[in-house]
Amino acid sequence: QVQLVESGGGPVQAGGSLRLSCAATGYTTRINFMAWFRQAPGKAREGVAALYTTDGTTYDADSVKGRFTISQDNAKKDNAKNTVFLQMNSLNPEDTAMYYCAAGYMVADHLSAVEYSYWGQGTQVTVSS
């Protein structure tokens, strides 16, 4: 099993920045893609950014290109922990949502939720105007 724990969400004013973190523990050899999704009330879950952990290749949704950046920090400890970040800049109220970290293996459609097997509990981001 793989466990994902997100942190870093909270309230922020429009134009501000936040950095989300997601720590993966457990059998992390079972994953080679990590991603961020978000879901606003009444809307479908949306893929925001994904990262191929083997070589660091990233994939971004058009809605966040130039504003959000996904990156990784592979800290190999006893429990084989991987961490990914989502740096979010120039936030606007439309970015308000619950943000979820996800992980999967050999993902084909990088921003499709159905491709990911493991999910975190989510962290709320609220952008006020």
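Arg 67 counts as buried, at 16% relative accessibility; buried means under 20% relative accessible area, exposed over 50% and partly exposed in between, with a 1.4 Å probe and protein chains only. Salt bridges that share partners join Arg 67, Arg 38, Glu 46 and Asp 95 into one network. A salt bridge is a side-chain nitrogen of Lys or Arg within 4 Å of a carboxyl oxygen of Asp or Glu.

This is a predicted model, in which local features need pLDDT of at least 70 and side-chain atom pairs count only at pLDDT 80 or more, while totals for chains, interfaces and linings use all residues. Residues are numbered from 1 along each chain as its sequence is written, and side-chain values use heavy atoms, with hydrogens and water left out.

**Salt bridges**

- The search of the whole structure finds three salt bridges.
- Asp 95 forms a salt bridge with Arg 67, and the closest N and O atoms are 2.8 Å apart.
- This pair links distant parts of the chain, 28 residues apart. Asp 95 sits in the loop between β8 and β9, and Arg 67 in the loop between β6 (58-60) and β7 (68-75).
- Asp 95 is buried, with a relative accessible area of 1%.
- Asp 95 also meets Arg 38 in a salt bridge, at 2.9 Å from N to O.
- Arg 38 lies in strand β4 (residues 33-39) and Asp 95 in the loop between β8 (81-88) and β9 (97-104), so this pair ties together parts that are 57 residues apart in sequence.
- Strands and helices here are DSSP runs numbered from the N terminus (strands are E, at least two residues; helices are H or I, at least four).
- Arg 38 and Glu 46 meet through their side chains in a salt bridge of 2.8 Å, N to O.
- Arg 38 is buried, with a relative accessible area of 7%. Glu 46 is partly exposed, at 30%.

**Strand β4 and its partners**

- β4 is mostly covered, with six of its seven residues buried.
- β4 and β5 pair in the antiparallel sense over six bridges. Two strands pair if DSSP finds at least two bridges between them.
- The two strands β4 and β5 form a hairpin with six residues between them. Gly 42 in the turn has a positive phi of about 80 degrees.
- Phe 33 has Tyr 52 as its bridge partner in β5.
- β4 also runs antiparallel to β9, and seven bridges join them.
- Phe 37 has Tyr 100 as its bridge partner in β9.

**Nonpolar cores**

- A nonpolar core is a set of buried Ala, Val, Leu, Ile, Met, Phe, Trp, Tyr and Cys residues joined through side-chain atoms within 4.5 Å.
- The largest nonpolar core has 29 residues. Leu 4, Met 34, Trp 36, Leu 86, Met 88 and Tyr 99 touch the most other members.
- The elements that give two or more residues to this core are β1 (2-7), β3 (18-26), β4, β5 (46-52), β7, β8, β9 and β11 (123-128).
- A second, separate core has seven residues, including Phe 33, Ala 35, Val 107 and Tyr 116.

**Aromatic rings**

- The search of the whole structure finds four aromatic pairs. Rings of Phe, Tyr and Trp (its six-membered ring) pair if their centres lie within 6.5 Å; planes under 30 degrees apart count as stacked, over 60 as edge-to-face and the rest as tilted.
- The rings of Phe 33 and Tyr 59 have centres 6.4 Å apart and planes at 40 degrees, so this pair is tilted.
- Phe 33 lies in strand β4 and Tyr 59 in strand β6, so the pair ties together parts that are 26 residues apart in sequence.
- Phe 33 counts as buried, at 5% relative accessibility, whereas Tyr 59 is partly exposed, at 25%.
- Ring pairs link Phe 33, Tyr 52 and Tyr 59 into a cluster.

**Arg 45 over two rings**

- Arg 45 lies over the face of Tyr 100, at 4.0 Å from the ring centre.
- Arg 45 also lies over the face of Trp 119, at 4.8 Å from the ring centre.
- A charge sits over a ring if NZ of Lys or CZ of Arg is within 6 Å of the ring centre and within 35 degrees of the ring normal.

**Asn 32**

- Asn 32 lies in the loop between β3 and β4. Asn 32 is buried, with a relative accessible area of 7%.
- Beyond its neighbours within four places in sequence, Asn 32 is in contact with Leu 51, Tyr 52, Thr 53, Thr 54, Gly 104, Tyr 105 and Met 106. Contact means heavy atoms within 4.5 Å.
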